[in-house]
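Here's a quick briefing on a helical neighbourhood and the residues packed around it. Have a look at the model first, then we'll go through it topic by topic.

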Amino acid sequence: FLAILRRLLSGPLSHWGMADPRLVLAVASALGVSLYAFGSGFGVPAQRAVLAWWAGVFAFSSGRVWRPLNVWSFAAFVVLAWEPATFFEVGAQLSFLATAALIGSPGSRPAASHFHWAGRFGRMLAASLRSTCLVLAVTSPLVAWQGWSVSAVGLVANLLAVPFTAL
């Protein structure tokens, strides 16, 4: 699919000096993320993801260094500037809090390297467990403050889904 999209977009994009295939694929992926986000209702987590994705594409296309915390801050600024009431929505708070925890955490390589005997899937599962526990620990106070509980099914689903969706 991306090869076909690359071929379709390479003509118009080369007109604007964007003939680099990586850039064409980056723009194509950003368009795909945007379409998916709009199709899913364009909630705050989708807005954050789309803004971050496009900021990454802009950084890549302009040769700038991509700093995740700067992209996260940009997305938060735009979302809050567009709709200030978002600041008080628990879903938005959880989304930005979980993303900030993942951005601010040390890399997963050292923790996952202890599982060298388990192969690639074992390392991905260890990184998934680490990420899930980190986000759970960071978001639990807000969840408890709201009077909610954590679902065990969600924890297991995260452990199984993250290795298959990780880049």
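Which residue just after helix 3 takes a positive phi? That's G63, with a phi of about 75°. Before going further, bear in mind that this is a predicted model, where local features need pLDDT of at least 70, side-chain atom pairs count only at pLDDT 80 or more, and totals for chains, interfaces and linings use all residues. Residues are numbered from 1 along each chain as its sequence is written, and side-chain values use heavy atoms, with hydrogens and water left out.

**Helix 3**

- The expected span is 1.5 Å times one less than the number of residues.
- Its buried residues are V44, A46, Q47, R48, V50, A55, G56, V57 and A59; buried means under 20% relative accessible area, exposed over 50%, and partly exposed in between, using a 1.4 Å probe and protein chains only.
- Those buried residues pack against helix 2 (21-39), helix 4 (68-82) and helix 5 (90-104).
- Q47 of helix 3 counts as buried because its relative accessibility is 16%. Q47 touches F42 and V79, if you skip residues up to four places away in sequence; contact here means heavy atoms within 4.5 Å.

**Helix 3 against helix 5**

- Two packed helices are described by the angle between their axes and the distance between the axes.
- For helix 3 and helix 5, the angle is about 40° and the axes are 8 Å apart. The axes are lines fitted to C-alpha atoms, for helices over the stretch in contact, and angles run from 0 to 180 degrees between N-to-C directions.
- The two helices are therefore oblique to each other: under 35 degrees counts as roughly parallel, over 145 as roughly antiparallel, 65 to 115 as roughly perpendicular, and the rest as oblique.
- On the helix 3 side, V44, P45 and R48 make the contact, meeting A92, S95, F96 and T99 of helix 5.

- F96 sits in helix 5 and is buried because its relative accessibility is 11%.
- Leaving aside neighbours within four places in sequence, F96 contacts V44, R48, W72, A75, A76 and V79.
- T86 is in the loop between helix 4 and helix 5, yet it is buried, with a relative accessible area of 6%. Residues up to four places away aside, T86 touches V44, V79, L80 and A92.

**F42**

- Most residues other than glycine have a negative phi.
- F42 has a positive phi of about 55° although it isn't a glycine.
- F42 lies in the loop between helix 2 and helix 3 and is partly exposed, at 27% relative accessible area.

**Helix 7**

- Helix 7 (residues 119-145) has 27 residues and reaches 39 Å from first C-alpha to last, close to the 39 Å expected.
- There's a kink of about 45° at T139, shortly before the proline P141; the bend is the angle between axes fitted to the seven residues ending there and the seven starting there.
- Buried in helix 7 are G122, A126, A127, S128, T132, T139, L142 and V143.
- G147 follows helix 7, and its phi is positive, near 85°.

Definitions and conventions. Helix = DSSP H or I, 4+ residues; strand = E, 2+ residues; numbered from the N terminus.
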